[in-house]
Amino acid sequence: MIDRETLNQVKGVLRTLGTPLTLSVTRDVNGKHAVTFSEFVEEVASCSDKLRVVYHDGADFSFSILKDGRDTGISFRGIPNGHEFSSLLLALLNADGQGRNLPDEALARRIKRLRGPLNLSTYASLTCTNCPDVVQALNVIALYNDGISHEMVDGALYQEETDRLGIQAVPSVFCNGKSLHVGRGGLGTLLGKLEKIAGTDNGKEEPETYDFDQVVLGAGPAGVAAAVFSARKGLKVAVVTKQIGGQVTDTSAIENIIAVGETSGTQLAADLLSQLEHNNVSVFTNRTFTSLQVDGSVKKVVTDGGEVFQAPQIIIATGSSWRTLGLEHEDQYMGHGILFCPHCDGPFYKGKKVAVIGGGNSGAEAAIDLAGICSHVTLVEYAETLKADSVLQEKLRSLPNVEILTSTQTLELHGDGNRLTGIALKNRLTNEEAELDVDGLFLQIGLVPGTSLLKGIVALNERGEIIVDDHNRTSVPNVYAAGVVSTVPFKQIIISMGDGAKASLAAFEDRMYNK
């Protein structure tokens, strides 16, 4: 199943394995996929003398990873091919104590405190680019807590099961048989959700307090640029963030960064992390800040794990997140008919009717992609005209199964309690209302700045952006903001990078002159 070139690459990845690991396979030898799936496992095991395969009789094809004969808690139902192949390789390295995705000490303590038993299952698509992040994070959680197990399930192999569970988007995570999480997520987000539903054994340890010269909130293009420029000035800098790259990681192709040519969001995020490490910036990922205290000469950032980061200066580069409609039942149907990613979740709606909200480039591109697999696509735009580039509009209008509705407002979301079934629309010119039956609704209406916890702390404009002057100073001395979270015009990667550098230089100037 695996070509020779890939096998050679896998051998290179696994050459550092130092501990014997076992791939414990359960299978029905007469099953439809038993032979080919077994070949896959055998081929992976052939890449290292530290791997071996053992077989057991069972109904479904699955395999778990054992270390020194003990179950690590990590298993795969189906074959982790496609994008999930990296999850398998990383799981093997993680089981051996290797991998850049392993948690730091503070996160490891939080994982170990989770109360079990917790049986986690992630239903994934092998073509989904968001699924590996969730699978890999939950594999780590299972590895660090003996009371937790995690199984990746190839949803395409178990259609009846996914239908019974009402799964309409991937990744979909279930904990002890109940829905836990749908869509993109990292270790910090998933750990926080598990702490809420399972509780923790807190022990007597006090949360850590860290002292730095400067703390940067966020690690997108703006945050990384700010941190690197400050570190190059000799400052002790910490970056506190959910993930490296921020919204950049949602971008498949990037071609407008001068002198870079072409890159991807995933590669750019990896390059950003590399530059942070090269400049000795202390990086604290999988954190969400819960409060910011800016009174006095020492500012304090408190995270969801209770950690406190102290510094005389703060640079806020918290980026943005997907904008939602703000309608009743939206949370209920998120991941159950309401979606964001046409590439990941579009295949669930093959041959079905869907709608796309938003007439910009993202909305037009989503509608074009979905038109190739869905029976009918309705593009809904609030304004009188589409904002997408003319070439995209021409393509849209050439597609026979695409309908475009402009000057149209989405009034209500309708469903059966388990999934979305339709939306109520109003023509803003005629006030005529209509019901549109759809199986899926893809939101492409822009981004909202990450300032929900900053109201009353720094001055915001009517759009929720942090108001800054021409030196990126906010309304609070020694608190700065950069990138799309601020009032800087033109929300582009290259502009955010320059904005982060500008915020850093302004902060250093203020430090020099005691402003």
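## The parallel sheet around strand 25

In this predicted model, isoleucine 357 has leucine 443 of strand 25 as its bridge partner. The two strands concerned, strand 19 (residues 353–357) and strand 25 (residues 440–443), are paired in the parallel sense through four bridges.

Both belong to an open sheet of five strands, ordered 18-25-19-20-21, in which the pairing is parallel. Its edges are formed by strand 18 (338–339) and strand 21 (402–405), each of which pairs on one side only.

## Threonine 451

The loop between strand 26 (447–449) and strand 27 (479–481) contains threonine 451. Is this residue buried or exposed? Its relative accessible area is 4%, below the 20% limit, and threonine 451 is therefore classed as buried.

The side chain of threonine 451 comes to 2.6 Å from the backbone oxygen of glycine 464.

## Strand 5 and its two partners

Strand 5 (residues 118–124) is mostly covered, with six of its seven residues buried. It is joined by seven bridges to strand 6 (residues 148–154), and these two strands run parallel. Within this pairing, threonine 122 lies opposite methionine 152 of strand 6. Between strand 5 and strand 6 the chain passes through helix 5 (residues 131–144), giving a β-α-β crossover that is right-handed.

Strand 5 also pairs with strand 7 (residues 172–175), here in the antiparallel sense and over four bridges. Tyrosine 123 is placed opposite serine 172 of strand 7.

## Glycine 177

Glycine 177 occupies the loop between strand 7 and strand 8 (178–182). Methionine 152 lies 25 residues away along the chain from glycine 177, and the C-alpha atoms of the two are separated by 14 Å.

In soluble globular proteins, nonpolar side chains tend to be buried together. The largest nonpolar core of this model has 38 residues, of which Val41, Phe63 and Leu92 touch the most other members. At least two residues of this core come from each of helix 1 (4–14), strand 1 (21–27), helix 2 (34–45), strand 2 (51–57), strand 3 (62–67), strand 4 (70–77), helix 3 (85–95) and helix 5. Helix 3 provides the largest share, seven residues.

With residues up to four places away in sequence left out, valine 41 touches Leu23, Val25, Val53, Phe61, Phe63 and Ile79. Another core, of 29 residues, lies apart from the largest one and includes Val248, Leu268, Leu276 and Ile315.

Four strands in the order 9-15-14-13 make up an open sheet with mixed pairing. Strand 9 (209–211) and strand 13 (289–293) are at the edges; each has a single partner strand, so one side of each lacks a neighbour in the sheet. From one strand to the next, the twist averages 20°.

Strand 14 (residues 299–303) and strand 15 (residues 308–311) run antiparallel and are joined by four bridges. In this pairing, valine 301 stands opposite phenylalanine 309 of strand 15.

Methods: Residues numbered from 1 in each chain as written. Predicted model: local features only at pLDDT ≥ 70, side-chain atom pairs only at ≥ 80, totals over all residues. Heavy atoms only, no water. Buried < 20%, exposed > 50% of the residue type's maximum accessible area, 1.4 Å probe, protein only. Pairing = 2+ DSSP bridges. Right-handed = clockwise from strand over helix to strand, strands pointing away. Core = buried A, V, L, I, M, F, W, Y, C linked by side-chain atoms within 4.5 Å. Contact = heavy atoms within 4.5 Å. Axes fitted to C-alpha atoms, helices over the stretch in contact; angles between N-to-C directions. Polar contact = N/O pair within 3.5 Å; in protein donor to acceptor, adjacent residues only side chain to side chain.
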